[in-house]
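The sequence and structure come first.

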Amino acid sequence: MKLSKLYGLHSVQAALDYSPKKIGKAWIDEQRQDKRLTQALEALLDLGIEPEKVDRKKLDKLADSHNHQGIVIEVELPAELSENELKTAVEYLTTPALFLVLDNVQDPHNLGACLRSADATGVHGIIITKDNATGITPTVCKVASGAAETVPVYQVTNLARTLRWLKDNGLWIMGAAGEATQTAHQTDFTVPMALVLGAEGKGLRRLTKEQCDILVKLPMLGQVESLNLSVATGVLLYETIRQRQLSVK
């Protein structure tokens, strides 16, 4: 069980909406009485959790000096799932597979934002590497705004091996790379697939790239060479659902 502290009204509300049974303790600012904090307090009381009223210094310490907006909760964070659980999920899919693979992505803000995009576009799961990468952290959950509870995250030790297994089970491996010769708009994303993006500033590792069936890029008309990882992920995922929705009309 991975217990951690979440802070801020938005993060607390997401926990109340998506994982209320995983909330343990709570602390609130004894001096603050605004409407949103009162609503959160009432929701916690409805769960049988009576928050401890403390001063701001105590909350600052609990939130590691981050902006807590007068509330901190202790919650069980979602757990990363195993490679075997990924294989089971793939085998039981009833719709064309869509997985997002993040190769050594270390920024928790990017993982959190990718989770939100994955939830919005119906991704079946996110695959992350065990080493040299962020897992599910309080920051990830805060940025994900509830999506860490709705999108499975699978942690694997050997990404190249996992990609080979996915290919053997009928998925196309689509890698995003600036040197690709075709754009996402020229690529068929209606097939069962795993979309692979590399780490911030580094891109796909060589062994990961070698497992890709197709490399794709986004058209870049300006002077910058690439988009932020989570932005590129969102664009590619929405291109995927655009194509898939058109294909069933």
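The sections below cover the model, its overall build, its cavities and its cysteines.

## Basis of the model

The model is predicted; local features need pLDDT of at least 70, side-chain atom pairs count only at pLDDT 80 or more, and totals for chains, interfaces and linings use all residues. Residues are numbered from 1 along each chain as its sequence is written, and side-chain values use heavy atoms, with hydrogens and water left out.

## Overall build

The protein has ten helices and eleven strands; these are DSSP runs numbered from the N terminus, helices being H or I with at least four residues and strands E with at least two. The C-alpha trace spans about 60 × 45 × 40 Å along its principal axes.

Of the 249 residues, 47% are buried (under 20% relative accessible area with a 1.4 Å probe, protein chains only; exposed is over 50%, partly exposed in between). The accessible surface comes to about 12,900 Å², 48% of it belonging to carbon and sulfur atoms (Shrake-Rupley method, 1.4 Å probe). Among contacts (heavy atoms within 4.5 Å) with a separation of 6 or more, 82% join residues 24 or more positions apart.

## Cavities

Two cavities of 30 Å³ or more are found in a search of the whole structure. A cavity is a set of points on a 1 Å grid over the protein atoms alone where a 1.4 Å probe fits but cannot get out, and lining residues have an atom within 4 Å of a point. Grid points are joined across faces, edges and corners, and a volume is the space filled by probe spheres set on the points.

The largest cavity has a volume of about 140 Å³. Its lining holds 16 residues, with Leu6, Ala14, Ala15, Cys141 and Glu149 nearest the centre. Helix H1 (9-18), strand S4 (71-76), helix H6 (138-144) and helix H7 (147-150) each give two or more residues to this lining, and H1 gives the most, with four. By class, eight lining residues are nonpolar, five polar and three charged (nonpolar: Ala, Val, Leu, Ile, Met, Phe, Trp, Tyr, Cys and Pro; charged: Asp, Glu, Lys and Arg; polar: the others, Gly among them).

The second largest cavity, of about 40 Å³, is lined by Leu102, Val105, Leu111, Ile128, Thr129, Ala133 and Thr134. Five of these are nonpolar, two polar and none charged.

## Cysteines

There are zero disulfides, a disulfide being a pair of cysteine sulfur atoms within 2.5 Å. For cysteine 141, the nearest cysteine sulfur is that of cysteine 114, 14 Å away. Cysteine 141 counts as buried because its relative accessibility is 11%.

Cysteine 212 is likewise in no disulfide, and the sulfur of cysteine 114, the nearest, is 16 Å away. At 13% relative accessibility, cysteine 212 also counts as buried.

Key. On a 1 Å grid over the protein atoms alone, a cavity is a set of points where a 1.4 Å probe fits but cannot get out, and a pocket is an open set with protein on both sides within 12 Å along at least five of seven lines; lining residues have an atom within 4 Å of a point.
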